[in-house]
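Here are my notes on the model you sent. Please read them with the structure open.

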Amino acid sequence: MDLDERLASVTSRIEDAVREAGRDPDELTTVVVTKFHPASLVRELHQLGIRDFGESRHQEAQQKSIELAGLDLRWHFVGQLQSKKARQAAEYASVIHSLDRESVVDSLGASAAALQGFVQLNLTDDPGRGGVSQEGLEPLVERILGSGNLELLGVMAVAPVGEEPRAAFARVLAASERVRAMAPTARFISAGMSGDFREAIMEGATHLRIGSAITGNRPAAG
Ligand SMILES: *Cc1c(COP(=O)(O)O)cnc(C)c1O
């Protein structure tokens, strides 16, 4: 299958799931994750109408954003972010999906650019995974709400390996309700990847982060 065919196939599967869930298709944004792929692929996807792109490594994302500066794109940073790199990421990213600690929130809140962000929730017991623990959610949300120019959109999560994705996304929806109790406008949910976007749509996802199902297999890193 070519790129346009893979994109069309994913788009129709998304439409099917949205219909099945009885949701409004306008609520959904598909972010195409292009990590490890060259800027030329982003260009091709732009020609096919895609405007929202996701990247997970700062240097790679920064380079692509410079190379593609002439195009009207929105960059979503979806990977783990160190506070040292956070301000640099804010120079090209419109949305950070991986707010998971106070130091990152503080450096972004102090940066000049207006920025939107999701709190990333860690659905595993492994603290080495990205994301804040269930107990840490409210304090981190407080911190974001008190920061200068970070606009909180909602919660983000990656379904853990070995858990049924629908059950994992139900936990994300419950966390989203806790966040909305604190910040009613933070109603968005970033969830769903190539293998589980249908389940995420069933549980209220608004921002799908889809890579390989659209881009094809990723080239080896480095
Ligand atoms: C790579 C990545 C994706 C996309 O993964 P696919 O399985 O290729 O769709 C989504 N979210 C995050 C955080 C990622 O790192």
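Predicted model: local features only at pLDDT ≥ 70, side-chain atom pairs only at ≥ 80, totals over all residues.

1. S194 places a polar side-chain atom 2.5 Å from an oxygen atom of the ligand. For R218, a polar side-chain atom lies 2.8 Å from a ligand oxygen atom. R209 has a polar side-chain atom 2.9 Å from a nitrogen atom of the ligand.

2. How much of the ligand's accessible area does the protein cover? On its own, the ligand has 390 Å² of accessible area, and the protein covers 87% of that. The space that the ligand takes is the largest pocket.

3. Now the aromatic rings. One aromatic pair turns up in a search of the whole structure. The partners are F53 and W75. Their geometry is tilted, with 5.9 Å centre to centre and 45° between the planes.

4. What does this pair tie together? F53 belongs to strand β2 (residues 52-55) and W75 to strand β3 (residues 74-77), so the pair links parts that are 22 residues apart in sequence.

Note on methods: Residues numbered from 1 in each chain as written. Heavy atoms only, no water. Polar contact = N/O pair within 3.5 Å; in protein donor to acceptor, adjacent residues only side chain to side chain. Areas by Shrake-Rupley, 256 points an atom, 1.4 Å probe, with all protein chains shown as cover. 1 Å grid on protein atoms, 1.4 Å probe; cavity = no way out; pocket = protein on both sides within 12 Å on 5 of 7 lines; lining within 4 Å. Sits in = over half its atoms within 2 Å of the grid points. Phe/Tyr/Trp six-rings, centres within 6.5 Å; stacked < 30°, edge-to-face > 60°. Helix = DSSP H or I, 4+ residues; strand = E, 2+ residues; numbered from the N terminus.
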